[in-house]
Amino acid sequence: MQFHHQGYVSGDPRIQPVAGVGLDRPDELPDEVDVLVVGTGPAGMIAAAQLSQFPDVTTRIVDRRPGRLEIGQADGIQPRSVETFAAFGFAGRIAEESYRVMEVCFWHPDPADPARIVRGERTPDDPTGISEFPHLYVNQARVLDYFAEFMANSPTRMTPDYGYEFRDLEIAPSGEHPVTVHLVRSSGDDAGSEKVVRARYVLGADGAHSGVRRAIGCTPVGVSAAHAWGVMDVLAVTDFPDIRRKCAIQSGSGGSILLIPREGGHLFRMYVDLGEVQPEGHGAVRSTTIAQIVARANEILHPYTLDVKEVTWHSVYEVGHRITDRFDDVPTDQAGERTPRVFIAGDACHTHSAKAGQGMNVSMQDGLNLGWKLGYVLSGRSPESLLSTYSAERQVIAQDLIDFDRQWSSLMAKKPDEFEDPAELADFYVRTTEFLFGFMTQYSPSMLVAEPVHQALATGFPVGRRFKSAPVVRVADANPLHLGHQHRADGRWRVYAFADGAPAGPGTALADWADWMASSPDSPVRAHTPEGADVDAVLDVKVVYQQRHTDVELSAVPSLFLPRTGPLRLVDYEKVFAVDPTADIFALRGIDRGGCVVLVRPDQYVAAVLPLAATEELAAFFRGHLLVRDRQPVG
């Protein structure tokens, strides 16, 4: 963690200096805001947390609940989400209190006695080492708590405004705050009173029954799978031997259970198969009692027994797969004619089963995708056209999720005798681990993603995919680190310069590139950094040398990579890296030894791979979505 650059810090370094709208932030919800987020679920909270890093943007987040969520329905945290938490600074802390998935067991009917279940396949949760981040289970409420803490510690000192229920909104064709939102107080002494808020932009992250979605005329399209499940979080005594392992259990009776151990060493969740639902039977299945769910679980677990001592939460749901036709207020036939003002994210625009553990994870990536884009437009860094990329990018990803979840849900609902091979479910889990872990997202070429013309220069950083970290050594202090783990959710782009093979010093391809970046008026550093801001305020430029750290002299490193920042103009020594001799990043990620540049978006996705000599392409790429500044940054 880097601090002291604003002056000596003696307290908690996670608390950033207050700035901008945080200096006189009103306690009461104001009448006018830049962004109003409706819903404090995962999508809304991560978007608000990202926006909290833009000091001059007024963002407020409202929710009809009277206070923080206590028991969340989602619990699975995929490695891509933990990677994201690292950028927000709390991956380590939340991992300490979570259940970590290490192994998955698959149980089947005993061939000798189908009335009994026996353990079949046992597979590592990450059999091919896809990620260095863990797969976790933890109460969704704790995820929201950490985002709330990040927001409260941000320069804007943002906190949720609880007790406001969304009723409706109208969008004016023009005006500084064109979206008028009608809210009603849902709790407190003034419950029932109305509140009108005018906003530049609105994000509806208000769940599957979204009022914001209804207000902008988006319709979820899809079907129900006509299959019901009872889900329960319980404290229980059982003789089932794998109660602390993730399990997919299929019984001879045809029923199945997905078992999810939870944090704390005792709690666990069970998704219990309640069978097919006929069109006329929806009301009956929804009234299934917890006692009936427990009884059904005992039938499936035979010969093992489950003695439930306490139920912390339970529900009954039918599997449904639905997605809206768009994720913003611009009708499909008007796309490109105007920019959106209202957006939806998370369950408001895509719903599916909970058993693949994707809902909260994909929803957070929705919010992260939109959050930095709103911040850039409202802070004057980018044109409004940037906002049209949100629906274009995330709708495709949501459809991929729906398609995958149909396969997973169908397999989970199959009877054992319908499988040609009892190991089919386990094989599917292993084959699709990369998707399950959240690493298959790939954005198509756009104003934010370049065509992969130069992909051969860094084959391990596919353009449009998230930046896959690798070990490096920081030159200044010889610390072994993961390069991607230095990415912070501060709204900045990362520009990684991978050096050509020559040692640090003048006359190299890297040195020429660094000189151009530092001095040319066409350089994106010069063109897009605000007046008076630190030279790395928008573009965080780092270098990785091919030599070991002992062979790189800081005095020979271009000044671009050792910028002076903050009011004291202190040198930043944390942008210069060398290879880790035990895991050469150039070899691991297929980086050309002649060097290259990798551009990474604020949400950690690779935007372009370019040769060091392609300065015109580099300048053109950033001018495609960043506004040019009239004045120069502080060097």
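Author: The model is predicted. Begin with a side-chain pair: arginine 60 and aspartate 161 are joined through their side chains by a polar contact of 2.8 Å.

Reader: Which backbone oxygen lies 3.4 Å from a polar atom of the arginine 60 side chain?

Author: That of glutamate 28.

Reader: Is arginine 60 buried or exposed?

Author: Buried means under 20% relative accessible area. Arginine 60 has 2%, so the residue counts as buried. Arginine 60 belongs to strand β2, which covers residues 59-63. Beyond four places in sequence, the contacts of arginine 60 include Arg25, Pro26, Asp27, Glu28 and Asp161. Val33, Val35, Leu36 and Val37 are also among them.

Reader: What does threonine 59 touch, leaving out residues up to four places away in sequence?

Author: Threonine 59 touches Val35, Val37, Leu51 and Met158. Threonine 59 also lies in strand β2, and with a relative accessible area of 5% this residue is buried.

Reader: Now the sheet. In what order do the three strands of the open sheet stand?

Author: Strands of a sheet pair through backbone hydrogen bonds, either parallel or antiparallel. Here the order is β3-β7-β4, with antiparallel pairing. The edges are β3 (76-77) and β4 (99-100); each has a single partner strand, so one side of each is left without a neighbour in the sheet.

Reader: How many bridges join β4 to β7?

Author: Two bridges join β4 to β7 (residues 136-137), and the strands run antiparallel. Tyrosine 99 is placed opposite tyrosine 137 of β7.

Key: Residues numbered from 1 in each chain as written. Predicted model: local features only at pLDDT ≥ 70, side-chain atom pairs only at ≥ 80, totals over all residues. Heavy atoms only, no water. Helix = DSSP H or I, 4+ residues; strand = E, 2+ residues; numbered from the N terminus. Buried < 20%, exposed > 50% of the residue type's maximum accessible area, 1.4 Å probe, protein only. Polar contact = N/O pair within 3.5 Å; in protein donor to acceptor, adjacent residues only side chain to side chain. Contact = heavy atoms within 4.5 Å. Pairing = 2+ DSSP bridges.
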